[in-house]
Amino acid sequence: MLSVFSSPGHYVQGRDATAALGEELRRLGIEGPVLIVAGNSARRLLAATWERSLGEAKIEYSVHRSGGECSRAEIGRITEAVRASGSAAVLGAGGGKVIDSARAVADDLELPMISCPTTASSDAPCSALSVIYTEAGEFEAYQLVRRNPALVLVDTSAVAQAPARLLIAGMGDALATWFEARTCLTGHVRNMRGGASTRSAGALAELCYRTLLADGLQALAAVHTHTVTPALERIVEANTLLSGLGFESSGLAAAHAVHNGLTAAPQTHPYLHGEKVAFGVLTQLVLEGAPGEEIDTVLDFCDRVGLPTSLADLGLADADPETLSAIATRATAPGETIHNEPFSVDAEMVHDALRAADALGGR
Ligand SMILES: [Zn+2]
């Protein structure tokens, strides 16, 4: 098996980074027109800077208001907007779902994709993978695209304006990276690009985890006060770049499959991807029989930053056995990344791990 490492072409991060957008696009030979798929807060925060930066670079653009969910219907609407505007590149500005829908369209139309996350709420921005949901918000499929974004530009001034809950969710998503990578590395399974992992990807995933433990609380204090600090910069990099490269080039395992399982329960729909993934991490560690000390470190981190550690924290306080069975069945569906675990996993094992993780978190 060949080793494969996948990454965006260019990564730019920092205070007021959007001001450099036009120049960065020019540097990459992207001359426009550009269709910007934007969430509400991205438009509110960045519209004036787009006008200035893209105007100075003489790049034409138009803005498509994101419909929210990354669904087949939304992808269809954006495709129409790209065609109608004659755009030569697609830029996603906002949270993970906005970026995922822009990426899917860019791939379908074979156009370069630019990723401008305004939150550090997931590791979606750097990858060549879109997560497709139904209109009702249930996980539908992973869409693997051919190319990673040509450019990922993260404006930490915008990230600092976002609600703290989004940064926390991003830490939940990033928390999974090292544990899932470690499982995939140990088991020599294929990563998201169908190759073997590299030592580089493993090292990035581990650095991601260490950064969370070292800087998570300080970064949270920064977003609470809407300030940009070195700790916030390091957590934004961990949530976006380290986690993105780590998961894609090492692989996913039980934690994300448990997330997908949780989406089968409508009670979890108000909760963010990373919040469900964090509980997935605990479930994975229980399933793997990880040492108590390691589980305690993860639980302590989750408690301190405010990530879910119990089913009640995800709206499942009174979940009946049927709901838990539905979650476990969905998490172990054929093709799920839970089958990257180095032992065979069935729904009963996941059901028990969910309940045991819940008991540990509720201590
Ligand atoms: Zn994720």
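1. S310 touches F279 and D358, leaving aside residues up to four places away in sequence. In this predicted model, S310 is placed in the loop that runs between α11 (292-305) and α12 (321-331). Although S310 belongs to a loop, S310 counts as buried, because its relative accessibility is 10% and the cut-off for that class is under 20%.

2. The zinc ion has as its protein donors D173, through OD, together with H256 and H273, each through NE2, and these lie 2.1 Å from the ion. Read along the sequence, the spacing of the donor residues is D-x82-H-x16-H. The two histidines link distant parts of the chain, since H256 sits in helix α9 (residues 254-262) and H273 in helix α10 (residues 273-287), 17 residues apart. As for accessibility, H256 is buried at 5% relative accessibility, whereas H273, with a relative accessible area of 24%, is partly exposed.

3. On the cysteines, the structure holds 0 disulfides. For C208, the closest cysteine sulfur is that of C126, and at 11 Å from the sulfur of C208 it is too far for a bond; the cut-off that matters for this reasoning is 2.5 Å between the two sulfur atoms. C302 is likewise in no disulfide, and the nearest cysteine sulfur to it, that of C208, is 13 Å away. C208 is buried, with a relative accessible area of 0%, and C302 also counts as buried, at 0% relative accessibility.

4. Turning to the aromatic residues, the count of aromatic pairs comes to 1. The pair is formed by F179 and Y209, whose ring centres are 4.9 Å apart and whose planes stand at 70°, so the arrangement is edge-to-face; planes over 60 degrees apart fall in that class. F179 is part of helix α6 (residues 164-187) and Y209 is part of helix α7 (residues 199-224), so the pair ties together parts of the chain that are 30 residues apart in sequence. Both of these residues, F179 and Y209, are buried.

5. A further point concerns a charged side chain and a ring: K97 lies over the face of Y133, at a distance of 4.2 Å from the ring centre.

Definitions and conventions:
Residues are numbered from 1 along each chain as its sequence is written. This is a predicted model: local features need pLDDT of at least 70, side-chain atom pairs count only at pLDDT 80 or more; totals for chains, interfaces and linings use all residues. Side-chain values use heavy atoms; hydrogens and water are left out. Donors are N, O and S atoms within 2.8 Å of the metal (3.2 Å for Na, K and Ca); water is not among the atoms, so sites may look incomplete. Helices (H or I, at least four residues) and strands (E, at least two) are DSSP runs, numbered from the N terminus. Buried means under 20% relative accessible area, exposed over 50%, partly exposed in between (1.4 Å probe, protein chains only). Contact means heavy atoms within 4.5 Å. Rings of Phe, Tyr and Trp (its six-membered ring) pair if their centres lie within 6.5 Å; planes under 30 degrees apart count as stacked, over 60 as edge-to-face and the rest as tilted. A charge sits over a ring if NZ of Lys or CZ of Arg is within 6 Å of the ring centre and within 35 degrees of the ring normal.
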